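Please read it with the sequence and the structure open beside you.

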Amino acid sequence: MGIIGTEIKPFTATAFKAGEDFYDVTDQDVRGKWAVFFFYPADFTFVCPTELEDLGEHYEMLQKIDVEVYGVSTDTHFSHKAWHDTSEKIGKLKFPFLGDQNHNLARNFDVLREGVGLADRATFVVDPDGVIQLVEQTCEGVGRNANELVRKIRAAQYVRANPGQVCPAAWEEGKDTLAPSLDLVGKI
């Protein structure tokens with residue numbers, strides 16, 4: 001079943017964020033700004049810290065364009081804190097991590113590996129109305145690229161702010177967009 005264009009389902013999850021007490025995040029807290037749900041299989045693993053660190057290097061810039069990032073695995077918020085406190089790469093991260101030990105988020109986003117209890121490696125970009133605009137999912141051994149994620153978020157934000165315009169392949173902010181019309185059919 002396609003998930004793009006659907007609203008996120010209700011959830012409550014306990015978050016760990018460096019320098020803060022544990023706190024709850026709900027689907028209602030996500031509304032009003034862009035959000036990235038960055039699912040990964042588990043804390044204390046191999047590919048995950050490299051891609052989380054890559055995403056962390058873009059976090060400040062994402063905040064400037066009104067995007068909140070949530071790292072999500074089926075670990076607890078306690079495990080997220082322990083990983084943060086013991087890993088050099090994870091210890092640098094400033095975005096919140098959501099505990100999903102009851103698998104509600106992984107099931108809501110349809111990334112839970114049933115019988116295994118781990119989430120697939122997947123990224124969801126949610127607009128300020130709570131609607132899923134972008135999805136990326138890879139096999140466990142392939143890490144994601146935060147530069148490409150940022151490019152896609154900027155394109156989604158552009159399209160939302162400019163109805164009737166679309167962003168062609170490899171579009172970068174400031175480059176030409178397209179206005180779909182019959183005149184373009186077969187000419188691109």
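1. In strand S4, the bridge partner of Ala35 is Glu68. Strands count as paired if DSSP finds at least two bridges between them, and the elements themselves are DSSP runs numbered from the N terminus, helices being H or I of at least four residues and strands E of at least two.

2. Before going further, please note that this is a predicted model, in which local features need pLDDT of at least 70 and side-chain atom pairs count only at pLDDT 80 or more, while totals for chains, interfaces and linings use all residues. Residues are numbered from 1 along each chain as its sequence is written, and side-chain values use heavy atoms, with hydrogens and water left out.

3. Strand S4 also pairs with strand S5 (residues 97–99), again in the parallel sense, over three bridges, and there Ser73 stands opposite Gly99.

4. How many salt bridges does the count come to? There are 16, a salt bridge being a side-chain nitrogen of Lys or Arg within 4 Å of a carboxyl oxygen of Asp or Glu. Glu51 forms one with Arg144, and their closest N and O atoms are 2.7 Å apart. Because Glu51 lies in helix H2 and Arg144 in the loop between S9 and H7, the pair ties together parts that are 93 residues apart in sequence. Both Glu51 and Arg144 are buried, and salt bridges that share partners join Glu51, Arg121 and Arg144 into one network.

5. A further salt bridge links Glu7 and Arg31, with the closest N and O atoms 2.7 Å apart.

6. A search of the whole structure finds two cavities of 30 Å³ or more. A cavity is a set of points on a 1 Å grid over the protein atoms alone where a 1.4 Å probe fits but cannot get out, and lining residues have an atom within 4 Å of a point; grid points are joined across faces, edges and corners, and a volume is the space filled by probe spheres set on the points. The largest cavity holds about 50 Å³ of space, and its lining consists of Thr123, Val125, Leu134, Val135, Glu136, Leu149 and Lys152. S9 gives the most to this lining, with three residues.

7. The second largest cavity holds about 30 Å³ of space. Among the residues that line this cavity are Glu51 and Arg144, together with Phe38, Asp54 and Leu149. The largest share of the lining, three residues, comes from H2.

Key:
1 Å grid on protein atoms, 1.4 Å probe; cavity = no way out; pocket = protein on both sides within 12 Å on 5 of 7 lines; lining within 4 Å. Buried < 20%, exposed > 50% of the residue type's maximum accessible area, 1.4 Å probe, protein only.
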